[in-house]
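User: Please take me through the salt bridges of this model, with the criteria behind each term.

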Amino acid sequence: MKKSLLLFVFITTISSFSQKATIDLSPTKYINTISSKDLIKHLYTVASDSMEGRDTGSKGQEKAGEYLISQYKVNKIPFPKGATDYYQRIPAAFLNAKRNDNLPDSENIWAYIEGSEKPNEIIVISAHYDHVGIKNGEVYNGADDDGSGTVALLEIAQAFEIAKKEGHGPKRSILFLHMTGEEHGLLGSSFYSEHPLFPLANTITDINIDMIGRHDEFHKDSSNYVYLIGSDYLSTDLYNICEDANKNYVHLTIDYKFNDRKDPNRFYYRSDHYNFAKNGIPSVFLFNGVHVDYHKPTDKVNKIEFGALTKRAQLAFAIAWELANRENRPVVNKSGN
């Protein structure tokens, strides 16, 4: 009887520990740290008039970059291994090589959480922090484009850092990459793809977030949706990961309207993920579609739908969590064309 009792206690204890480990490894707790409150605080700063529309290489963009870095420092999220600081500097010669917009030197901004088991495999989560500056004396704040993605990166990084402090850090490394020069032709991501800090062969996915704070004309009745673009172009695995992350944790309606290769908008080729995808890296672009304030001075913070922004940022986190912790990297089994 005593041996049977001891065996029962042992099995019960192991079962309880196993169940606790499973619960602890669920991303739900960390998904819920991504809050509208923090997104509001960050976006009212990043898209304020004092940032002068964040044109590439401008003083306003530099100021916005300093704010992003200050937040990474507050959360004790370092710059990447192999870098000397939070900046990937890009010379004006590169920025003006394709079309001379007379741009000054600029920089991508990066932060990094090292993986615990497969640190040499990298997930990039990207958003561009530039916009179009000041025109005719009016500040183009770019609250949605791409202030929304920019502040989402801050919250996603914070959620991963919280998980790491509690012993549940990502198994793979994550590079949080704020791109410059997107509005002038995907220049920051082009520079990174040509001068990667980590080998592109070790970069398993790019999750790109560009405009996730509003709704478009096709979703006037509800903002509980997101467009996903490109998830199935290179990898069936990535498509399934995105679908499962949404079904299990966030419950948005995923709209694939702009994923159609025949779509005349060609959004797949118009944001920073493309410079990863063209190098064979499975990539997904989260997007809310174009609205009446796109590239106008009326793209202001008071028009952002923070509930929708929060859920879309949470989806990006859930996708990244699965990619960071699954056994195998997503298989490239398609041409991308």
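User: How many salt bridges does the structure hold?

Analyst: This is a predicted model, in which local features need pLDDT of at least 70, side-chain atom pairs count only at pLDDT 80 or more, and totals for chains, interfaces and linings use all residues. Residues are numbered from 1 along each chain as its sequence is written, and side-chain values use heavy atoms, with hydrogens and water left out. With a salt bridge taken as a side-chain nitrogen of Lys or Arg within 4 Å of a carboxyl oxygen of Asp or Glu, the number in the structure is nine.

User: How many residues apart in sequence are the parts that Glu-114 and Lys-81 tie together?

Analyst: The closest N and O atoms of Glu-114 and Lys-81 are 3.1 Å apart, and the two residues form a salt bridge. Glu-114 lies in the loop between β2 (106–113) and β3 (118–128), whereas Lys-81 lies in the loop between α4 (59–74) and β1 (87–90), so the pair joins parts whose separation in sequence is 33 residues. Helices (H or I, at least four residues) and strands (E, at least two) are DSSP runs, numbered from the N terminus.

User: Are Arg-172 and Glu-121 buried or exposed?

Analyst: The side chains of Arg-172 and Glu-121 meet in a salt bridge at 2.6 Å, N to O. Arg-172 belongs to strand β6 (residues 172–179) and Glu-121 to strand β3, so this pair ties together parts 51 residues apart in sequence. Buried means under 20% relative accessible area, exposed over 50%, and partly exposed in between (1.4 Å probe, protein chains only); both Arg-172 and Glu-121 are buried.
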